[in-house]
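My entries are below, in the order I made them.

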Amino acid sequence: LSEYESKQLLADAGVPIPEESLVSSAEEAVQAAEQHGYPVALKLCGRGIAHKTERNLVRLDVGDAEEVRRHAEELLAQRGPDESGAGVLVQAMVSGRRELIAGLLRDPQFGPCVMFGLGGVFAELVADVAFAVAPLEEHDAEDLIQALRHRKILEAFRGEPEADLAKLAEILEALGRIGEARPDVLSIDVNPLILSGSEPVVVDALVELEGDPN
């Protein structure tokens, strides 16, 4: 699924996502930015588009209508031959220095499993992740959070408040419910899951479905 479709699936399950709109023109991007409020993030969005940062398909902290129009036109011009239906995702900026990763995968032996770990640019370097079989029973989400080696990142430090662990647990539980209720969902990748103050917010997500999502 596209990023927009992926996050709508998560939102339907109760996962918090930022305000965002998927538009097809630069003028519509300006209208969406005015609606959500500056600054905004812009991304080229369509099915099959992953690794947006590596392809320079993300614009952050865009502060006014002129910049939105210019960046939207640039992104639409970067569509590949098979991406003619891709649009521009206009998203309210989410600020936060702490990035986490969460997701769902289907293990051949254990079935759907929820994953949680340290995200952002250090995710691959540190490789601090933990797994639990879905659905998550009472206290399973809390145990998954406590399984992180670097879980102190969730505590208050240097002006950052303690993470809302209850809301974080709700997100992990929602991922588990999706895995149980939707056998067609092969995987979910939520990276980053940003702590905006104490609030965990899904900034980017990618859902892979079995077969044709149509």
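These are my notes on what I looked up, topic by topic.

**Ground rules**

This is a predicted model, in which local features need pLDDT of at least 70 and side-chain atom pairs count only at pLDDT 80 or more, while totals for chains, interfaces and linings use all residues. Residues are numbered from 1 along each chain as its sequence is written, and side-chain values use heavy atoms, with hydrogens and water left out.

**Helix faces**

I started with helix α1, residues 3-12, and looked for what is buried there: Glu 3, Ser 6, Lys 7, Leu 9 and Leu 10. Seen down the axis of α1, these buried residues fall within an arc of 150°, so they line one face of the helix. For my own record, buried is under 20% relative accessible area, exposed is over 50%, and partly exposed is in between (1.4 Å probe, protein chains only). Helices (H or I, at least four residues) and strands (E, at least two) are DSSP runs, numbered from the N terminus. The arc is taken over the directions from the helix axis to the C-beta atoms.

Next I took helix α2, residues 26-36, where Ala 26, Ala 29, Val 30, Ala 32, Ala 33 and His 36 are buried. Seen down the axis of α2, its buried residues fall within an arc of 165°, so they too line one face of the helix. I then checked the face turned away from that buried side, and it carries the exposed residues Gln 31 and Gln 35. What do the buried residues of α2 pack against? I found β1 (20-23), β2 (40-45), α3 (65-77) and β4 (87-92), with contact meaning heavy atoms within 4.5 Å.

**Salt bridges**

How many salt bridges does the structure hold? I get 16, counting a side-chain nitrogen of Lys or Arg within 4 Å of a carboxyl oxygen of Asp or Glu.

I zoomed in on Glu 20 and Lys 7, whose closest N and O atoms are 2.7 Å apart. The pair links distant parts of the chain, with Glu 20 in strand β1 and Lys 7 in helix α1, 13 residues apart. Glu 20 is buried at 10% relative accessible area, and Lys 7 is buried at 0%. Both belong to a network of salt bridges that links Glu 3, Lys 7, Glu 20, Lys 43, Lys 52 and Asp 204.

Arg 55 and Glu 83 also meet in a salt bridge, at 2.8 Å from N to O. Arg 55 sits in the loop between β2 and β3, and Glu 83 in the loop between α3 and β4, 28 residues apart. Arg 55 is partly exposed at 32%, whereas Glu 83 is buried at 14%.

Most residues other than glycine have a negative phi, and most peptide bonds are trans. I went looking for exceptions.

Asn 56 has a positive phi near 60°; Asn 56 lies in the loop between β2 and β3 (58-62) and is partly exposed at 46%. Arg 158 has a positive phi of about 45°; Arg 158 is in the loop between α5 (140-146) and α6 (165-181) and is exposed at 75%.

Which peptide bonds did I note as cis? The one from Tyr 38 to Pro 39 is cis, with omega near -5°, and Pro 39 is in the loop between α2 and β2. The one from Asn 191 to Pro 192 is cis as well, with omega near 5°, and Pro 192 is in strand β8 (residues 185-196).
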